[in-house]
Amino acid sequence: MIRDPEILDALLDSVSRFVRERLVPAEHEVSETDEIPPKIVEEMRQLGLFGLTIPEEFGGLGLTMEEEVRVLFELCKTSPAFRSIIGTTVGIGSQGILMDGTPEQKAEYLPRLATGELMASFALTEPDAGSDAASLRTTAILNGDHYVVNGTKRFITNAPHAGIFTLMARTNPADKGASGVSSFIVDAKSPGIILGKNDKKMGQRGAHTCDVIFEDCRVPAANLIGHTEGRGFKTAMKVLDKGRIHIAAVCVGVAQRILDDALRYAMERKQFGQAIAEFQLIQAMLADSQTELYAAQCMVVDAAQRRDDGENVSTQASCCKLFASEMVGRVADRAVQILGGAGYLADYGIERFYRDVRLFRLYEGTTQIQQIIIARNMVRGARP
Ligand code: COS
């Protein structure tokens with residue numbers, strides 16, 4: 001749902017200009033230093049990028065899902081590490097508070113998340129609970145007016161920058177399933193939180209992940225999201241439904257950038273006396289990429305519109321995440337092929353995208369988890 005096309009167009013224009021003038025020129029530096037320059041992060045704050053999804057009453061831009069994906073199509077025509085620094089605050093880190101938090105919790109945290117003063121991280125995954133998220137073992141045991149948290153969270157995006165964690169932990173250790181899990185807002189500065197070393201990753205340099213270890217960390221009972229135990233897994237699943245459309249939109253943006261670069265190269269590069277873009281075997285790779293990119297874009301916009309209309313989009317979100325993340329992998333692979341030897345060299349940037357996009361098929365649910373969700377929903381829906 002687009003509320004005001006003129007305001008949205010102005011936002012899309014300023015994001016697009018910011019990407020062209022500030023982010024694209026900084027890509028190489030970010031990949032070399034593994035850090036987004038603080039000045040750029042500050043400019044992202046000024047542009048309101050940390051508050052894209054937080055309602056206006058809490059100081060954000062309150063974008064609808066359709067508006068959000070259209071912003072992401074523009075914002076992601078650059079290294080995905082730039083999206084990652086706002087991603088957990090805009091997405092999985094804040095949405096649990098927005099969806100299931102009490103009015104007091106929203107009023108306390110959302111305004112500071114919207115300005116980017118506070119960054120949020122989503123702490124679900126553990127060393128032994130990845131795809132099987134409901135088996136998580138971190139415990140949060142009520143002791144007076146505090147919960148005492150013990151356990152280890154793994155691969156936590158933006159943990160080194162986080163002001164708060166949206167934490168999923170087991171409040172009822174006797175219940176080993178989803179209904180024993182609750183969600184909390186945890187101040188990252190709380191005593192008893194230890195951050196592991198930054199993970200060394202295949203790609204997305206500039207985006208940081210690490211372990212978050214809780215050792216007798218005391219979390220005020222008032223920080224239990226929605227003041228209701230046993231609802232944390234459902235909160236996480238609802239957050240991920242939205243997050244998967246968000247990631248699919250990211251894939252579309254990055255794929256567009258990769259394809260633009262590959263097309264430009266194919267039109268400039270001459271072999272056998274003409275631009276390689278004139279050869280039909282190159283054209284086939286360009287055309288297949290354009291077709292799949294267009295399909296993914298249409299899916300993402302459709303799922304976003306359905307979500308804005310209040311539909312349950314669990315299936316569509318997984319379809320989008322599955323298709324768009326696989327699509328961007330194929331587009332990146334063909335781009336390397338079109339650039340040939342240059343595609344394998346760091347100087348041309350395509351090999352960096354090739355490594356960066358590999359993550360999209362893994363996080364916020366692997367392709368195989370999306371297949372399971374889609375098929376399960378189909379079977380459930382078809383039962384009499
Ligand atoms: N929205 C709301 N509620 C949901 C939901 C959704 N999208 N999906 C599941 N639930 C509810 C179910 O309805 C069920 O509630 P009831 O017991 O009241 O019926 C409860 O949550 C448990 O659901 P389910 O039985 O389906 O859980 P499973 O353990 O079988 O697994 C999957 C569910 C595999 C879908 C889940 O573990 C998953 O998404 N795994 C991937 C995790 C992931 O993406 N990790 C990435 C980390 S973030 S970077």
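A polar contact, as I use the term here, is a pair of N or O atoms within 3.5 Å. The model you are looking at is a predicted one.

Let me begin with Arg244. A polar atom in the Arg244 side chain sits 2.8 Å from an oxygen atom of the ligand. Arg376 also uses its side chain, with an N or O atom 2.5 Å from a ligand oxygen. Gly365 contributes through its backbone instead: one of its backbone N or O atoms is 3.0 Å from an oxygen atom of the ligand. As for cover, the ligand on its own has 1000 Å² of accessible area, and the protein covers 66% of that.

Which elements give two or more residues to the shell around the ligand? They are helix H7, residues 232–268, and helix H11, residues 367–382. H7 gives the most, with 7 residues. In total there are 19 residues around the ligand, and those that come nearest are Ser131, Lys234, Asp241, Arg244 and Arg376. By type, the shell divides into 9 nonpolar, 6 charged and 4 polar residues.

Next, the domains. The assignment gives domain 1 at 5–115, domain 2 at 120–230 and domain 3 at 234–382. Domain 2 and domain 3 each supply at least three residues to the shell around the ligand. Turning to domain 1 and domain 3, their centres, taken over C-alpha atoms, are 21 Å apart. The contact between these two takes 25 residues from domain 1 and 28 residues from domain 3.

You will find Thr138 in the loop that runs between strand E1, 120–123, and strand E2, 139–143. Is Thr138 buried or exposed? Its relative accessible area is 1%, so Thr138 counts as buried, the cut-off being under 20%.

What does Thr138 touch, leaving out residues up to four places away in sequence? The list is Glu126, Val149, Asn150, Gly151, Thr152, Lys153, Met168, Ala169 and Arg170. With Glu126 there is a polar contact, side chain to side chain, at 2.7 Å. For a sense of span, take Ile7: Thr138 is 131 residues from Ile7 in sequence, and their C-alpha atoms are 44 Å apart in space.

To recap the ligand site: H7 gives 7 residues to the shell, and the side chains of Arg244 and Arg376 both place an atom by a ligand oxygen, at 2.8 Å and 2.5 Å. That is what I had.

Note on methods:
Residues numbered from 1 in each chain as written. Predicted model: local features only at pLDDT ≥ 70, side-chain atom pairs only at ≥ 80, totals over all residues. Heavy atoms only, no water. Near = heavy atom within 4 Å. Polar contact = N/O pair within 3.5 Å; in protein donor to acceptor, adjacent residues only side chain to side chain. Areas by Shrake-Rupley, 256 points an atom, 1.4 Å probe, with all protein chains shown as cover. Helix = DSSP H or I, 4+ residues; strand = E, 2+ residues; numbered from the N terminus. Nonpolar A, V, L, I, M, F, W, Y, C, P; charged D, E, K, R; others polar. Domains from an automatic or database assignment. Buried < 20%, exposed > 50% of the residue type's maximum accessible area, 1.4 Å probe, protein only. Contact = heavy atoms within 4.5 Å.
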